[in-house]
Amino acid sequence: MGCALGALLLALGLIAAVVISPRAEFTLGGALVNVGYRLQDRFSEYNFEHDETITPEQVWEELKDQNELAAGVRGLFPRTARHPVVAILACMDARIDTSELVGDTRRYYYIVRTAGSVLSPAEQEMLELAVLNGVKVIVLTTHTDCAAEAAAADPQLREKFPALIGLMDEREQRIEEFKARPVIRDAIAEGKLLIKHARIDTSTDKLVVETADHQAH
Ligand SMILES: [Zn+2]
């Protein structure tokens, strides 16, 4: 009885908070999304965690099944179309959840992900395209405990992955190259585009913003 009353009061409190405050609603939304993730975490059969005997075909079939399941759920809750004004370059490290970086803001931003956040000419074009599509802020991130950074410091891995390591060595140079592209340079000069640098704390998704003249190494 006491427990039910407590739950009722909690529910009423949450509803009141949501009605009173958009911020509370945003926070609650993010928390609910996380509740969903945590609920899903319990079911290892959906985690792509298997013994090594699983074949690529079986993995592909599983991926398709899960997509069907997820798309079915999504179909129940269609989203409105939003036009991103932020683009984020992030490492492909799976521990970084780009949907959680700024709260639950899926589709609020474009995401470009590469190992070590390297910025080859192809990614530069992707980000430039995003700017042409209305992006006003680009966040160039790196992150703690990065495997690509570790590889760049390992002589054997340097030899094994020369293209990636080459881009890692040129990371800052490539950023300067990107900023010097005419569209990007003009957009910055006209006050239409900001480029920020940040390092993500991999364990918390916290963005530590770096000043322009101190880029991540
Ligand atoms: Zn990384």
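Me: How are the donor residues of the zinc ion spaced in sequence?
Reply: This is a predicted model. The protein donors of the zinc ion are Cys 91 through SG, His 143 through NE2 and Cys 146 through SG. Written as a pattern, the spacing of the donor residues is C-x51-H-x2-C.

Me: Is Leu 69 buried or exposed?
Reply: Leu 69 is part of helix α3, which covers residues 56–76. Exposed means over 50% relative accessible area. The relative accessible area of Leu 69 is 51%, so Leu 69 is exposed.

Me: What separates the C-alpha atoms of Leu 69 and Glu 45?
Reply: Along the chain, Leu 69 and Glu 45 are 24 residues apart.

Me: Are α4 and α8 parallel, antiparallel, perpendicular or oblique to each other?
Reply: Helix α4 spans residues 121–132 and helix α8 spans residues 171–179. Their axes come within 10 Å and cross at roughly 40 degrees. Angles under 35 degrees count as roughly parallel, and 65 to 115 as roughly perpendicular. The arrangement of α4 and α8 is therefore oblique.

Me: Which residues of α8 does α4 meet?
Reply: α4 passes α8 in a right-handed crossing. The contact has three nonpolar, one polar and three charged residues. From α4 come Pro 121, Gln 124, Leu 127 and Glu 128, and these meet Arg 174, Glu 177 and Phe 178 in α8.

Me: Is the crossing of α4 and α9 left-handed or right-handed?
Reply: Helix α9 covers residues 182–189, and its axis comes within 10 Å of that of α4, crossing at roughly 45 degrees. α4 and α9 are therefore oblique to each other. Their crossing is left-handed.

Me: How many residues of the contact of α4 with α9 are charged?
Reply: On the α4 side the residues are Glu 128, Val 131 and Leu 132, which meet Val 183, Ile 184 and Ala 187 in α9. By class, the contact has five nonpolar residues and no polar ones, and the number of charged residues is one.

Notes:
Residues are numbered from 1 along each chain as its sequence is written. This is a predicted model: local features need pLDDT of at least 70, side-chain atom pairs count only at pLDDT 80 or more; totals for chains, interfaces and linings use all residues. Side-chain values use heavy atoms; hydrogens and water are left out. Donors are N, O and S atoms within 2.8 Å of the metal (3.2 Å for Na, K and Ca); water is not among the atoms, so sites may look incomplete. Helices (H or I, at least four residues) and strands (E, at least two) are DSSP runs, numbered from the N terminus. Buried means under 20% relative accessible area, exposed over 50%, partly exposed in between (1.4 Å probe, protein chains only). Axes are lines fitted to C-alpha atoms, for helices over the stretch in contact, and angles run from 0 to 180 degrees between N-to-C directions. Angles under 35 degrees count as roughly parallel, over 145 as roughly antiparallel, 65 to 115 as roughly perpendicular and the rest as oblique. A crossing is left-handed if the near helix is turned anticlockwise from the far one by less than a right angle, and right-handed if clockwise. Contact means heavy atoms within 4.5 Å. Ala, Val, Leu, Ile, Met, Phe, Trp, Tyr, Cys and Pro count as nonpolar, Asp, Glu, Lys and Arg as charged, and the others, Gly among them, as polar.
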